[in-house]
Structure formats: C-alpha cells, structure tokens
Amino acid sequence: MGQTEVIDQATLDDSITAWALAARGGDPDAVEQFVRALHRDVLRYVAHLCADPQAVDDLAQDTFLRALGSLHRFEGRSSARSWLLSIARRAVIDRYRYAGARPRLSDVPDWQLAIELAQPRDLPGFDDGIALLDLLAGLPDERREAFVLTQLLGLPYAEAAEVSDCPVGTVRSRVARARATLMDLLAEAEEPLPRAEHAALVAA
C-alpha cells in the first residue's frame, strides 16, 4: 500500500469514526454514512471467517444491529472500523457457539466463493491468471486472517491486533509468513510444467 493510499485510508477511518460518534448522538444521516462506509468490509471479513456462505448477509446484518445498539458505549479510542470488525468477529463466534460447533475454517469448501464475491478485483502483485483466493486457501487460518485484515481490508497492524485479540508482533509475524508463503505458492503456480507432464497433457 503506497503512502497516498495510507493517508487516504487514515482520512477515511477518521471520517468513519466521526460518523460513528455523530450516530451515537442520534444523527440519522451519520448512521447511514457509517453503515454504507463499512458494509463491504464487514461482508468480506465475515465471509473469511464464516463456514456458511449463505449466512454472510445475516451475519453482516447482525454485526450492524449489535454495533448500532452499542454505539452509546463507543468513545472513539480506536477507529470505528476496527471496533466494528471486532463486533463482526464476535458475531461469527457466537453463531458457532449457538450452533454447538466450533469454527473449522480449514475444512470450509465454500468460504472462497463468499469472499470472492466481496473482494476487489484489482489486487496488485498477482497475475490475472492466478486466483488470490486459491493461494489464500493454502495459508493456515491465523495467517490468512492477519493477511486479510491488513492487506485486503487495510487495517493498521495495531488495529488488526485488537480485532484478532493478539499482540501486534504476532500479527506482523503472521503477515510476514503469509506473504512468504503466498510468494512461494505464486512462484510454483507460474513454473512451467515439466516436459514429461506437458507432453502428457498435449497428448491427452
């Protein structure tokens, strides 16, 4: 992420936090701005965490209902975006607890489709022919979450640590390892087929 993008994101986060504080005071326009600004991020995040793509919209709605009901407690000590994503995380966890099952992200066949529908198409650093989601699927769950929060959703490392409930250094380590793994997977995907395999495919 370039310096201009970082500044723009910081400015946007300041605006979102201001809308949240205004919404807390009962401003209906601020409520609408707050929800509209973060709806996409919430969809992408719960799609990453959720085992059921059919439940993504319901979880996003639940997240905003919880947030709007808790706005009176929001004091702006952290950005409204990280505060809301923390609520989204709890909403997903509560759903699993209610269902009597623990989240098993590594065994989810359809989470890729759900997040694919909500993510940007122009992620830099990846060839058009390589699906980022296929590469992300190769990451351990915690590294994938750290990568999604910081690299796809653009959260600062400190705020990603708040959302993930772990130290900042742990998030940095997970992202670094995720990047290294993704680069290795990308390199493998771009390697030409061995001559014998290529000949077999052509013959087929």
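# Reading a predicted helical model

The accessible surface of the protein comes to about 11,700 Å², and 50% of that belongs to carbon and sulfur atoms. The model is a predicted one.

Visitor: What elements make up the protein?
Guide: The protein has 10 helices and zero strands. From the N terminus on, the order is α-α-α-α-α-α-α-α-α-α. Buried residues account for 40% of the 204 residues.

Visitor: Why is Thr17 called buried?
Guide: Buried means under 20% relative accessible area. Thr17 has 12%, so Thr17 is buried. Thr17 is found in helix α1, residues 3–24. Leaving aside neighbours within four places in sequence, Thr17 is in contact with Phe74, Gly76, Ser78, Ser79 and Ala80.

Visitor: How many aromatic pairs are there?
Guide: The count comes to two aromatic pairs.

Visitor: What makes the pair of Phe34 and Phe64 edge-to-face?
Guide: Ring centres must lie within 6.5 Å for a pair, and planes over 60 degrees apart count as edge-to-face. The centres of Phe34 and Phe64 are 6.5 Å apart and their planes stand at 80°, so the pair is edge-to-face. This pair links distant parts of the chain, with Phe34 in helix α2 (residues 28–49) and Phe64 in helix α3 (residues 56–70), 30 residues apart.

Visitor: Are these two residues, Phe34 and Phe64, buried or exposed?
Guide: Phe34 counts as buried at 0% relative accessibility. Phe64, with a relative accessible area of 6%, is buried.

Visitor: Why is the pair of Phe74 and Trp83 called tilted?
Guide: Planes under 30 degrees apart count as stacked, over 60 as edge-to-face and the rest as tilted. The planes of Phe74 and Trp83 are at 35°, so the pair is tilted, with ring centres 4.8 Å apart. Phe74 and Trp83 are buried.

Visitor: How do you know that Arg172 lies over the face of Tyr157?
Guide: A charge over a ring needs CZ of Arg within 6 Å of the ring centre and within 35 degrees of the ring normal. Arg172 is 4.5 Å from the ring centre of Tyr157 and lies over its face.

Visitor: Which residues have the most contacts inside the largest nonpolar core?
Guide: They are Phe34, Val42, Tyr45, Leu85 and Leu149, in a core of 48 residues. Helices that each supply at least two residues of this core include α1, α2, α3 and α4 (80–99). Helix α2 gives the most, with nine residues.

Visitor: What does Leu85 touch?
Guide: Not counting residues up to four places away in sequence, Leu85 touches Asp41, Val42, Tyr45, Leu149, Leu153, Leu155 and Val163.

Visitor: Why does Asp165 count as exposed?
Guide: Exposed means over 50% relative accessible area. Asp165 is at 67%, so Asp165 counts as exposed. Asp165 lies in the loop between α8 and α9. Asp165 has a positive phi of about 60° although it is not a glycine.

Visitor: How many salt bridges are there?
Guide: The count comes to 10 salt bridges. Side chains of opposite charge can pair when their charged atoms come close.

Visitor: How do you know that Glu32 forms a salt bridge with Arg36?
Guide: The cut-off is 4 Å between a side-chain nitrogen of Lys or Arg and a carboxyl oxygen of Asp or Glu. The closest N and O atoms of Glu32 and Arg36 are 2.4 Å apart, and they form a salt bridge. Both lie in helix α2, four residues apart, about one turn of the helix.

Visitor: Why is Arg36 called exposed?
Guide: Exposed means over 50%, and Arg36 is at 55% relative accessibility, so Arg36 counts as exposed. Glu32 is partly exposed, with a relative accessible area of 43%.

Visitor: What is the distance between the closest N and O atoms of Glu142 and Arg174?
Guide: They are 3.1 Å apart, and Glu142 forms a salt bridge with Arg174. Glu142 lies in helix α7 and Arg174 in helix α9, so the pair ties together parts that are 32 residues apart in sequence. Arg174 is buried, with a relative accessible area of 17%. Elsewhere, salt bridges that share partners join Asp13, Asp41, Arg44 and Arg81 into one network.

How values were computed:
Residues are numbered from 1 along each chain as its sequence is written. This is a predicted model: local features need pLDDT of at least 70, side-chain atom pairs count only at pLDDT 80 or more; totals for chains, interfaces and linings use all residues. Side-chain values use heavy atoms; hydrogens and water are left out. Buried means under 20% relative accessible area, exposed over 50%, partly exposed in between (1.4 Å probe, protein chains only). Contact means heavy atoms within 4.5 Å. Accessible areas come from the Shrake-Rupley method with a 1.4 Å probe; for residues, only the protein chains shown count as cover. Rings of Phe, Tyr and Trp (its six-membered ring) pair if their centres lie within 6.5 Å; planes under 30 degrees apart count as stacked, over 60 as edge-to-face and the rest as tilted. A nonpolar core is a set of buried Ala, Val, Leu, Ile, Met, Phe, Trp, Tyr and Cys residues joined through side-chain atoms within 4.5 Å.
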